[in-house]
Every structure is written in C-alpha cells, then in structure tokens.
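Please work through the following exercises on ring pairs, charges over rings and helix packing. Each task is followed by a worked solution.

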Amino acid sequence: MNNIDTMSVNAIRVLSADAIQKAKSGHPGLPLGCAAVAYDIWAKEMKHNPANPDWADRDRFILSGGHGSALLYSLLHLFGYGLTKEDMMQFRQLDSLTPGHPEYRHTKGVEATTGPLGAGMAMAVGMAMAEAHLAAKFNKENYPVVDHYTYVLGGDGCMMEGISSEAFSLAGTLGLHKLIVVYDSNKISIEGNTDIAFTEDVKKKFEAFGFQTLVVEDGNDLDALHTAFVEAKADTNRPSMIMVKTQIGYGCPAKQGKASAHGEPLGVENVAALKETLGWPSQEAFYVPEEVYDNYKAISTEKAKEEEAWNAMFAEYCEKYPEMKEAWDAQFNMDIAKDLIDNEEFWAYDEKADATRNLSGIVLNRLKNYVPNLIGGAADLAPSTKTYMKDMGDFSKEDYTGRNLHFGVRELSMAAIGNG
C-alpha cells in the first residue's frame with residue numbers, strides 16, 4: 001500500500017471516529033476494521049460516478065451492517081457525493097444527512113436503508129436479480145447497456161440472521177454471478193467472541209449455497225483484496241463470497257479486537273491514541289490533509305469517464321435499436337401505471353362475487369400487459385395466491401428474462417429481495 005492509499009484509508013477511520021465521538025453515540029468498530037476493504041471497493045473495483053449518483057449502470061454498494069454508517073458517510077464525503085464536513089459533524093443528529101443508519105433517498109449515494117442485520121444482504125440479492133433480468137432483456141451484441149455488479153458488506157451478525165441464508169440459497173440456485181458478498185470476519189459481536197453463539201463454518205456454508213468462496217487473510221492488504229475481487233469477477237457462473245479477516249476497532253490500541261469497540265464511542269483519549277497510532281498528521285477533529293482530498297477527487301474524475309463511455313455506447317444503442325429505446329423508457333417510467341386511471345377497459349369487471357385471491361390474480365394479469373417493469377412471485381404459493389403472471393415466463397438461471405420469480409419457501413427474504 002503506497003502512502004497516499006494508506007492516508008486515504010486512514011481518513012475513513014479518522015472521520016468515522018471523530019463523527020461518532022462528537023455525537024457521543026455510534027459504532028466505530030466496523031469503520032475502523034473495514035476501512036481498507038471499503039476503500040478498495042470504492043476506489044479500485046466499483047463503477048460509479050459521484051457527480052451522478054443515479055447513473056443507471058452504476059455498480060451498487062450496500063452496507064448491510066448499517067450500524068457502521070459512519071463508514072459509508074465518510075466514503076460519500078471523501079468521494080464528493082455532496083456530504084460536507086459539516087454534515088459529518090452532524091452525525092446522528094435530528095434531520096441531518098448523516099443519521100445513525102443509512103437511509104435510501106435521504107442521503108445521496110445510499111442504495112438501501114439498512115439497520116436490521118441481514119436485510120441488506122437479501123436486498124443485495126434482489127438488486128443482483130434485477131441486474132440479471134434487465135441485462136437479459138436489453139443487452140445486444142457489443143452493447144452491454146446493463147452490466148453492473150452488486151457489492152454487499154456485512155459481518156458476523158448478518159451471517160447469523162436467517163434471512164441472509166434464505167437469500168443466499170436462492171442466489172446460488174440462480175447463479176447470480178454479478179453478486180459479490182464481502183464478509184467482514186472479525187469474530188466479535190456485542191456480547192463478546194462469536195464462539196459463544198456462532199461456530200459454523202461460513203465458508204463451507206456458502207460453498208453449499210453454490211457460491212465461489214475466497215479468503216483474504218489480512219483486511220488491510222489492498223493488493224490481496226484487489227486480487228480477490230478480480231477472481232470473484234472472473235467466475236461467470238456463480239455469485240462470490242469474499243471472507244475478509246479483519247480486526248474490529250483497528251488502530252485503536254485499547255479497543256482493537258475487543259467487543260467494546262463495536263457499539264460505543266472510543267473516548268477522547270482513545271481517539272487521540274488512534275490518530276497517533278495511524279501516524280495522522282493532526283489531532284484536530286475532522287482534519288483531512290488536502291493531498292488526501294486530491295487523491296479522492298482524482299479517483300472520482302476517472303470514475304466519471306466510465307459513465308461518459310457508457311453514455312456514448314447507449315446513444316449508439318438507441319440509434320441502432322429504436323424499439324429498445326422505447327422499451328427502456330417504458331421500463332424506467334415510474335408513472336406508467338397512472339395511465340390506467342382513465343382506462344375503462346382495465347376497470348371493467350363482472351358483478352359476480354369472487355374470492356379476493358382470484359380477483360387479485362385477474363388484476364395482476366391485466367397489470368402485466370400495461371406495466372413492463374412489474375415482476376414478482378410467491379414463496380412457493382403461486383397456485384394458491386394467484387400471483388402467477390401468464391405468458392411472462394419464469395425467472396431462472398437458464399432464463400433471466402422471465403417475470404415470475406420463484407422464491408421457494410423463503411417468506412422473510414422474499415420481502416427484502418423484492419425491496420431490493
């Protein structure tokens with residue numbers, strides 16, 4: 001790791017620690033332990049443009065361990081997503097852009113509201129399913145207009161939650177190779193070492209789910225992290241899980257590797273000790289050297305070029321395939337259902353009484369013809385709940401164009417996957 005990379009990683013740690021200390025509330029353990037992991041993903045691996053957070057083909061990043069929100073806010077600030085230093089100072093304050101957990105549509109760059117552990121994992125599976133469906137529907141030879149990855153970061157708590165296992169079982173079955181799960185493995189939970197309640201072999205579990213599994217022994221080794229992500233992307237048949245071994249509270253001598261680093265501020269003296277240990281050039285709160293900001297700005301400038309290239313390709317695509325441009329506009333028209341308000345044919349029904357599930361099925365099968373982005377299914381209950389859309393095909397590893405999702409008997413993850 002060169003010096004500017006080291007400084008850039010430590011900037012995430014320092015900003016997170018200062019924000020949490022000022023608020024006198026928060027979770028410093030994850031941001032300190034995962035700073036290098038997050039920096040590598042956002043700086044080296046991810047396709048994104050801070051100047052346009054809503055770019056359609058950006059890679060998605062979900063912080064499933066939403067309690068570690070200071071990590072995400074630090075990234076958004078440093079990469080120039082619009083969060084100011086003053087916003088960082090308002091961490092966990094009422095009406096701020098930096099609440100205690102990431103909130104979708106509240107803070108630019110946040111892809112999902114996360115807090116309950118495991119929910120972000122399942123939402124990431126849903127996002128990967130959406131990418132696969134759209135890619136199968138819209139991509140043409142030499143025009144991969146939908147071609148992005150979904151990265152999701154979470155720790156031991158996310159792996160303990162049943163909703164995660166439900167979702168990952170389905171992801172493996174579907175072969176969602178654009179899904180990369182990053183497992184922050186530090187063996188610490190709030191009550192102590194995870195061995196008190198969690199001794200399963202997570203790597204073997206993911207192998208059983210049908211994932212490619214990779215291990216990074218040192219969560220601060222940027223080269224090893226990059227190598228793992230390259231290997232993850234090389235597998236075009238399976239989703240990937242990268243187990244990254246980290247130390248919770250890394251860099252804080254009194255807290256590193258301890259449960260006490262998880263969910264409480266480090267304390268004024270420990271924040272000072274953290275900065276001294278990291279070789280940070282100032283004890284001033286929220287101080288970041290200009291060369292670090294310059295590094296992040298340079299990275300963001302390069303990232304913007306990826307969208308420029310995509311825009312040029314998409315313009316050619318629309319010119320060559322005008323029918324696909326029309327389909328694209330319909331797919332992303334969130335107001336398309338409003339056209340049905342004055343559609344008499346849509347609202348015409350027999351007066352005969354019928355079971356609500358049957359009526360729901362009739363409505364659903366009418367809607368599908370008007371709303372091309374309507375996709376869904378049931379937890380192995382479509383014949384009973386009448387949720388099957390006729391002639392729309394089944395979403396499967398063999399055919400991602402299908403609009404009927406078979407969740408299997410996985411009710412909890414079904415809701416979160418649908419949300420994603």
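The model is predicted: local features need pLDDT of at least 70, side-chain atom pairs count only at pLDDT 80 or more, and totals for chains, interfaces and linings use all residues. Residues are numbered from 1 along each chain as its sequence is written, and side-chain values use heavy atoms, with hydrogens and water left out.

**Exercise 1.** Classify the ring pair of Tyr73 and Phe91.

*Solution.* Rings of Phe, Tyr and Trp (its six-membered ring) pair if their centres lie within 6.5 Å; planes under 30 degrees apart count as stacked, over 60 as edge-to-face and the rest as tilted. The structure holds 25 such aromatic pairs. For Tyr73 and Phe91 the centres are 6.2 Å apart and the planes stand at 65°, so the pair is edge-to-face. Tyr73 belongs to helix α3 (residues 69–79), while Phe91 is in the loop between α4 (85–89) and α5 (119–138), 18 residues apart; helices are DSSP runs (H or I, at least four residues), as are strands (E, at least two), numbered from the N terminus. Both residues are buried, that is, under 20% relative accessible area, with exposed over 50% and partly exposed in between (1.4 Å probe, protein chains only).

**Exercise 2.** Classify the pair of Tyr317 and Tyr321, and state which charge lies over the face of Tyr321.

*Solution.* The ring centres of Tyr317 and Tyr321 are 5.7 Å apart and the planes are at 50°, so this pair is tilted. Tyr317 and Tyr321 are both buried. Ring pairs link them into a cluster whose members include Trp55, Phe138 and Trp328. A charge sits over a ring if NZ of Lys or CZ of Arg is within 6 Å of the ring centre and within 35 degrees of the ring normal. Lys140 lies over the face of Tyr321, at 5.4 Å from the ring centre. Likewise, the charged end of Arg366 sits over the ring of Tyr349, 4.1 Å from its centre.
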